[in-house]
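Colleague: Could you walk me through this one? I would like to go slowly and ask things as they come up.

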Amino acid sequence: MRSVKQLRAISRSIAVFAAVLASGTASAEGWTIKKVERLPEVVERPLAPEGLPDGEVALQEDADIFAAWYTKPTKRYAHAILGDAIEAGELTVEIASGETLTYTLPDNQVFEDRTPRLHDLDGFGETEIITILSDVNKGGSIALFGVRKGKLELVAQTPYIGRSNRWLNIAGIEDFDGDGKTQIAAVWTPHIGGTLKYWTWNKGKLQLSGEARGFSNHFIGSREQELSVVDDFNGDGVADLALPSADRKSVRIMAFKGSARGKKTLEEFARIPMPARIDKAMSSRFENGKITIIVGLEDGSVHELSR
(Lines give C-alpha, C1' and ligand atoms only; values in the text may rest on other atoms or scores of the structure.)
Protein backbone atom coordinates (compact mmCIF):
# COMPACT_ATOMS: atom_id res chain seq x y z
CA MET A 1 0.00 0.00 0.00
CA ARG A 2 1.31 3.44 -0.88
CA SER A 3 2.03 5.77 2.02
CA VAL A 4 0.16 9.01 2.36
CA LYS A 5 3.35 10.87 1.46
CA GLN A 6 3.28 9.09 -1.88
CA LEU A 7 -0.39 9.97 -2.25
CA ARG A 8 0.50 13.63 -1.82
CA ALA A 9 1.68 13.64 -5.41
CA ILE A 10 -1.89 13.11 -6.59
CA SER A 11 -3.60 15.39 -4.09
CA ARG A 12 -6.42 17.69 -4.96
CA SER A 13 -5.23 20.61 -7.05
CA ILE A 14 -6.58 24.12 -7.26
CA ALA A 15 -9.61 24.02 -9.50
CA VAL A 16 -8.91 24.74 -13.16
CA PHE A 17 -11.92 26.49 -14.54
CA ALA A 18 -13.07 25.16 -17.88
CA ALA A 19 -14.32 27.40 -20.65
CA VAL A 20 -18.00 28.17 -20.22
CA LEU A 21 -20.72 29.27 -22.61
CA ALA A 22 -23.23 31.91 -21.60
CA SER A 23 -26.84 30.98 -22.31
CA GLY A 24 -28.78 33.68 -20.48
CA THR A 25 -28.43 36.31 -17.77
CA ALA A 26 -30.56 37.76 -14.99
CA SER A 27 -29.95 39.93 -11.95
CA ALA A 28 -30.84 40.05 -8.26
CA GLU A 29 -29.83 42.59 -5.61
CA GLY A 30 -27.08 43.99 -7.83
CA TRP A 31 -25.77 40.54 -8.74
CA THR A 32 -25.69 39.29 -12.32
CA ILE A 33 -26.75 35.65 -12.72
CA LYS A 34 -25.39 33.93 -15.82
CA LYS A 35 -26.21 30.38 -16.83
CA VAL A 36 -23.11 28.52 -18.02
CA GLU A 37 -22.25 25.16 -19.51
CA ARG A 38 -20.62 23.25 -16.67
CA LEU A 39 -19.01 23.30 -13.26
CA PRO A 40 -15.25 23.77 -12.75
CA GLU A 41 -13.12 20.67 -13.17
CA VAL A 42 -11.46 19.52 -9.95
CA VAL A 43 -8.90 16.77 -9.33
CA GLU A 44 -10.21 14.71 -6.42
CA ARG A 45 -8.29 13.93 -3.26
CA PRO A 46 -6.97 10.37 -2.92
CA LEU A 47 -9.20 7.86 -1.16
CA ALA A 48 -8.31 7.12 2.45
CA PRO A 49 -6.23 3.93 2.82
CA GLU A 50 -8.05 1.35 4.97
CA GLY A 51 -10.67 4.00 5.65
CA LEU A 52 -14.25 4.77 4.77
CA PRO A 53 -15.46 3.56 1.36
CA ASP A 54 -15.85 7.19 0.25
CA GLY A 55 -13.39 8.79 2.69
CA GLU A 56 -10.65 11.05 1.36
CA VAL A 57 -7.22 12.09 2.61
CA ALA A 58 -6.71 15.71 3.66
CA LEU A 59 -3.23 16.83 2.59
CA GLN A 60 -0.97 19.83 3.08
CA GLU A 61 2.62 20.68 2.16
CA ASP A 62 5.53 21.62 4.43
CA ALA A 63 3.72 21.36 7.74
CA ASP A 64 3.91 19.39 10.97
CA ILE A 65 1.01 17.21 9.84
CA PHE A 66 1.17 16.06 6.21
CA ALA A 67 -2.11 14.18 6.05
CA ALA A 68 -5.22 13.11 7.96
CA TRP A 69 -7.97 10.62 7.21
CA TYR A 70 -10.62 8.52 8.94
CA THR A 71 -10.11 4.81 9.59
CA LYS A 72 -11.75 1.88 11.40
CA PRO A 73 -15.11 1.79 9.56
CA THR A 74 -18.05 0.90 11.79
CA LYS A 75 -21.84 0.53 11.61
CA ARG A 76 -22.47 1.29 15.29
CA TYR A 77 -24.35 4.52 14.51
CA ALA A 78 -27.10 3.89 11.96
CA HIS A 79 -27.85 7.50 11.04
CA ALA A 80 -26.72 7.22 7.39
CA ILE A 81 -26.89 10.98 6.85
CA LEU A 82 -24.03 10.82 4.31
CA GLY A 83 -25.58 8.05 2.23
CA ASP A 84 -24.67 4.86 4.09
CA ALA A 85 -24.53 3.49 7.63
CA ILE A 86 -20.71 3.29 7.68
CA GLU A 87 -18.93 5.87 9.83
CA ALA A 88 -15.40 6.00 11.25
CA GLY A 89 -14.19 4.97 14.67
CA GLU A 90 -10.68 6.32 14.34
CA LEU A 91 -8.69 9.33 13.14
CA THR A 92 -5.26 8.76 11.57
CA VAL A 93 -2.58 11.34 10.76
CA GLU A 94 0.85 11.23 9.20
CA ILE A 95 3.29 13.74 10.72
CA ALA A 96 6.41 15.33 9.23
CA SER A 97 8.72 12.56 10.49
CA GLY A 98 6.70 9.99 8.55
CA GLU A 99 5.23 8.49 11.71
CA THR A 100 1.54 7.57 11.73
CA LEU A 101 -0.56 8.43 14.80
CA THR A 102 -4.14 7.40 15.59
CA TYR A 103 -6.94 8.42 17.92
CA THR A 104 -9.57 5.75 18.59
CA LEU A 105 -13.05 6.75 19.73
CA PRO A 106 -15.04 4.89 22.40
CA ASP A 107 -17.87 2.62 21.25
CA ASN A 108 -20.54 5.31 21.74
CA GLN A 109 -18.92 7.78 19.32
CA VAL A 110 -18.09 8.03 15.59
CA PHE A 111 -16.64 10.51 13.14
CA GLU A 112 -19.74 11.33 11.07
CA ASP A 113 -17.70 12.88 8.30
CA ARG A 114 -15.81 11.99 5.10
CA THR A 115 -12.60 14.04 5.22
CA PRO A 116 -10.89 15.83 8.14
CA ARG A 117 -9.78 19.45 7.71
CA LEU A 118 -6.21 20.63 8.40
CA HIS A 119 -5.68 24.18 9.64
CA ASP A 120 -3.28 26.10 11.88
CA LEU A 121 -6.03 27.85 13.82
CA ASP A 122 -3.89 30.03 16.10
CA GLY A 123 -1.02 30.73 13.70
CA PHE A 124 1.59 29.23 16.02
CA GLY A 125 2.76 26.61 13.51
CA GLU A 126 0.89 23.62 14.93
CA THR A 127 -1.82 22.10 12.78
CA GLU A 128 -5.23 21.32 14.22
CA ILE A 129 -7.46 18.65 12.69
CA ILE A 130 -11.09 19.76 12.50
CA THR A 131 -13.63 16.92 12.57
CA ILE A 132 -17.33 16.19 12.99
CA LEU A 133 -17.64 13.88 16.00
CA SER A 134 -21.03 12.38 16.87
CA ASP A 135 -22.23 10.65 20.01
CA VAL A 136 -24.84 7.92 19.48
CA ASN A 137 -27.08 9.56 22.10
CA LYS A 138 -26.14 13.25 21.88
CA GLY A 139 -25.68 13.86 18.16
CA GLY A 140 -22.99 15.88 16.42
CA SER A 141 -20.25 18.25 17.57
CA ILE A 142 -17.14 19.92 16.18
CA ALA A 143 -14.00 18.33 17.63
CA LEU A 144 -10.42 19.57 17.23
CA PHE A 145 -7.44 17.26 17.46
CA GLY A 146 -3.73 18.01 17.58
CA VAL A 147 -0.38 16.35 18.11
CA ARG A 148 0.78 17.04 21.65
CA LYS A 149 4.04 15.55 22.95
CA GLY A 150 4.06 12.96 20.22
CA LYS A 151 0.45 11.85 20.70
CA LEU A 152 -2.73 12.63 18.79
CA GLU A 153 -5.14 14.18 21.29
CA LEU A 154 -8.57 15.80 21.48
CA VAL A 155 -7.81 19.46 22.24
CA ALA A 156 -11.21 21.20 22.03
CA GLN A 157 -14.84 20.41 21.32
CA THR A 158 -18.16 22.24 20.98
CA PRO A 159 -21.19 21.02 22.91
CA TYR A 160 -23.11 18.18 21.26
CA ILE A 161 -26.36 19.13 19.52
CA GLY A 162 -28.16 17.26 22.30
CA ARG A 163 -29.97 14.27 20.82
CA SER A 164 -29.33 11.25 18.61
CA ASN A 165 -29.55 11.57 14.82
CA ARG A 166 -28.88 15.32 14.83
CA TRP A 167 -25.93 16.41 12.71
CA LEU A 168 -23.95 19.47 11.67
CA ASN A 169 -21.88 20.28 8.60
CA ILE A 170 -18.85 22.59 8.56
CA ALA A 171 -19.15 25.49 6.10
CA GLY A 172 -15.87 27.38 6.35
CA ILE A 173 -12.72 28.04 8.39
CA GLU A 174 -11.33 31.58 8.35
CA ASP A 175 -11.07 34.86 10.30
CA PHE A 176 -14.59 36.02 9.44
CA ASP A 177 -14.78 39.07 11.69
CA GLY A 178 -11.32 40.54 11.18
CA ASP A 179 -10.12 40.25 14.78
CA GLY A 180 -7.15 38.03 13.96
CA LYS A 181 -8.70 34.88 15.42
CA THR A 182 -9.79 31.99 13.23
CA GLN A 183 -13.42 30.90 13.32
CA ILE A 184 -15.10 27.68 12.28
CA ALA A 185 -18.49 28.22 10.66
CA ALA A 186 -20.94 25.31 10.61
CA VAL A 187 -24.64 24.71 10.06
CA TRP A 188 -26.34 22.99 12.98
CA THR A 189 -29.10 20.60 11.77
CA PRO A 190 -28.93 21.62 8.07
CA HIS A 191 -31.98 19.46 7.23
CA ILE A 192 -34.42 21.01 9.73
CA GLY A 193 -34.18 24.80 9.71
CA GLY A 194 -30.42 24.95 10.11
CA THR A 195 -28.62 27.49 12.29
CA LEU A 196 -25.31 28.92 11.11
CA LYS A 197 -22.91 29.12 14.06
CA TYR A 198 -19.41 30.63 14.24
CA TRP A 199 -16.97 29.19 16.77
CA THR A 200 -13.80 31.12 17.59
CA TRP A 201 -10.62 29.27 18.54
CA ASN A 202 -9.39 31.28 21.52
CA LYS A 203 -6.95 30.25 24.25
CA GLY A 204 -7.46 26.57 23.56
CA LYS A 205 -11.26 26.70 23.55
CA LEU A 206 -14.04 26.96 20.99
CA GLN A 207 -16.32 29.88 21.87
CA LEU A 208 -19.59 30.72 20.11
CA SER A 209 -19.13 34.12 18.45
CA GLY A 210 -22.13 34.53 16.15
CA GLU A 211 -25.19 32.74 14.82
CA ALA A 212 -28.14 33.15 12.45
CA ARG A 213 -31.03 30.91 11.40
CA GLY A 214 -32.27 29.68 8.04
CA PHE A 215 -29.48 27.75 6.30
CA SER A 216 -28.70 24.36 4.80
CA ASN A 217 -25.36 23.22 3.37
CA HIS A 218 -26.28 19.55 2.91
CA PHE A 219 -29.21 17.32 2.00
CA ILE A 220 -29.97 13.89 3.46
CA GLY A 221 -28.09 11.03 1.81
CA SER A 222 -25.67 13.23 -0.13
CA ARG A 223 -21.92 12.70 0.09
CA GLU A 224 -21.31 16.31 -0.95
CA GLN A 225 -20.39 18.45 2.07
CA GLU A 226 -19.08 21.57 0.31
CA LEU A 227 -22.25 23.52 -0.38
CA SER A 228 -20.55 26.75 0.71
CA VAL A 229 -17.64 28.99 -0.26
CA VAL A 230 -15.44 31.51 1.58
CA ASP A 231 -14.24 34.74 -0.06
CA ASP A 232 -14.28 38.52 0.43
CA PHE A 233 -17.58 39.14 -1.31
CA ASN A 234 -18.23 42.68 -0.03
CA GLY A 235 -14.68 43.96 -0.64
CA ASP A 236 -13.88 45.04 2.92
CA GLY A 237 -10.76 42.90 3.22
CA VAL A 238 -12.37 40.36 5.57
CA ALA A 239 -13.57 36.87 4.59
CA ASP A 240 -17.31 36.28 4.13
CA LEU A 241 -19.35 33.10 3.74
CA ALA A 242 -21.77 32.20 0.93
CA LEU A 243 -24.07 29.21 1.46
CA PRO A 244 -27.61 28.06 0.65
CA SER A 245 -30.76 29.15 2.42
CA ALA A 246 -32.71 26.56 4.38
CA ASP A 247 -34.66 25.49 1.28
CA ARG A 248 -31.47 25.61 -0.85
CA LYS A 249 -33.25 27.90 -3.35
CA SER A 250 -31.14 31.00 -2.61
CA VAL A 251 -27.49 31.85 -2.04
CA ARG A 252 -27.09 33.81 1.20
CA ILE A 253 -23.88 35.79 1.78
CA MET A 254 -23.11 36.41 5.45
CA ALA A 255 -20.64 38.98 6.76
CA PHE A 256 -19.68 40.49 10.11
CA LYS A 257 -20.35 44.21 10.16
CA GLY A 258 -18.34 46.61 12.28
CA SER A 259 -15.31 44.33 12.70
CA ALA A 260 -12.90 47.27 12.50
CA ARG A 261 -14.68 49.08 15.35
CA GLY A 262 -14.66 46.19 17.80
CA LYS A 263 -18.38 45.43 17.92
CA LYS A 264 -19.20 42.69 15.43
CA THR A 265 -22.68 41.87 14.18
CA LEU A 266 -23.42 39.01 11.80
CA GLU A 267 -25.57 40.25 8.94
CA GLU A 268 -26.82 39.10 5.56
CA PHE A 269 -24.92 40.97 2.84
CA ALA A 270 -26.93 39.53 -0.06
CA ARG A 271 -29.57 36.93 -0.87
CA ILE A 272 -29.66 35.70 -4.46
CA PRO A 273 -32.64 33.51 -5.53
CA MET A 274 -31.86 30.52 -7.75
CA PRO A 275 -34.18 28.73 -10.23
CA ALA A 276 -33.74 25.35 -8.51
CA ARG A 277 -32.24 23.87 -5.34
CA ILE A 278 -28.46 24.00 -4.85
CA ASP A 279 -27.03 20.49 -4.61
CA LYS A 280 -23.37 20.68 -5.72
CA ALA A 281 -20.12 22.04 -4.31
CA MET A 282 -19.90 25.84 -4.50
CA SER A 283 -16.75 27.68 -5.55
CA SER A 284 -15.54 31.17 -6.36
CA ARG A 285 -12.89 32.91 -8.43
CA PHE A 286 -11.44 36.41 -8.73
CA GLU A 287 -11.07 37.59 -12.29
CA ASN A 288 -10.94 40.99 -14.01
CA GLY A 289 -11.43 42.79 -10.75
CA LYS A 290 -14.56 40.96 -9.63
CA ILE A 291 -15.51 37.89 -7.62
CA THR A 292 -17.70 35.22 -9.19
CA ILE A 293 -19.58 32.48 -7.30
CA ILE A 294 -20.24 29.24 -9.20
CA VAL A 295 -23.35 27.28 -8.21
CA GLY A 296 -24.67 23.92 -9.47
CA LEU A 297 -28.36 23.08 -9.13
CA GLU A 298 -30.37 19.87 -8.88
CA ASP A 299 -31.93 20.44 -12.32
CA GLY A 300 -28.44 20.07 -13.83
CA SER A 301 -27.93 23.77 -14.57
CA VAL A 302 -24.85 25.79 -13.53
CA HIS A 303 -24.86 29.50 -12.76
CA GLU A 304 -22.21 32.17 -12.21
CA LEU A 305 -23.09 35.00 -9.80
CA SER A 306 -21.11 38.24 -10.01
CA ARG A 307 -21.39 41.92 -9.12
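**Rings, sheets and one arginine**

Modeller: Let me begin with phenylalanine 176, which counts as buried because its relative accessibility is 1%. Please keep in mind that this is a predicted model.

Colleague: Is tyrosine 198 buried or exposed?

Modeller: Tyrosine 198 counts as buried, with a relative accessibility of 1%.

Colleague: Okay, and how many aromatic pairs are there?

Modeller: The count comes to six aromatic pairs.

Colleague: Switching to sheets, what is the strand order of the one with S14?

Modeller: That open sheet has four strands in the order S12-S13-S14-S15, and the pairing is antiparallel. Strand S12 (168–174) and strand S15 (205–215) stand at the edges with a single partner strand each, so one side of each has no neighbour in the sheet. On average, neighbouring strands of this sheet are turned by 20° against each other, with direction ignored.

Colleague: How many bridges are there between S14 and S15?

Modeller: Strand S14 (residues 194–202) pairs with S15 over nine bridges, in the antiparallel sense. For example, threonine 195 has arginine 213 in S15 as its bridge partner.

Colleague: Now S18, which sheet is that in?

Modeller: S18 is part of an open sheet of four strands, ordered S16-S17-S18-S19 and paired antiparallel. Its edge strands are S16 (229–231) and S19 (265–273), each of which pairs on one side only.

Colleague: What about arginine 252, is it buried or exposed?

Modeller: Arginine 252, which is found in strand S18 (residues 250–257), is buried because its relative accessible area is 8%, and the cut-off for buried is under 20%.

Colleague: What does the side chain of arginine 252 have a polar atom 3.0 Å from?

Modeller: A polar atom of that side chain lies 3.0 Å from the backbone oxygen of glycine 214. Leaving aside neighbours within four places in sequence, the contacts of arginine 252 include Arg213, Phe215, Leu241 and Glu268.

Technical notes
Residues numbered from 1 in each chain as written. Predicted model: local features only at pLDDT ≥ 70, side-chain atom pairs only at ≥ 80, totals over all residues. Heavy atoms only, no water. Helix = DSSP H or I, 4+ residues; strand = E, 2+ residues; numbered from the N terminus. Buried < 20%, exposed > 50% of the residue type's maximum accessible area, 1.4 Å probe, protein only. Polar contact = N/O pair within 3.5 Å; in protein donor to acceptor, adjacent residues only side chain to side chain. Contact = heavy atoms within 4.5 Å. Pairing = 2+ DSSP bridges. Axes fitted to C-alpha atoms, helices over the stretch in contact; angles between N-to-C directions. Phe/Tyr/Trp six-rings, centres within 6.5 Å; stacked < 30°, edge-to-face > 60°.
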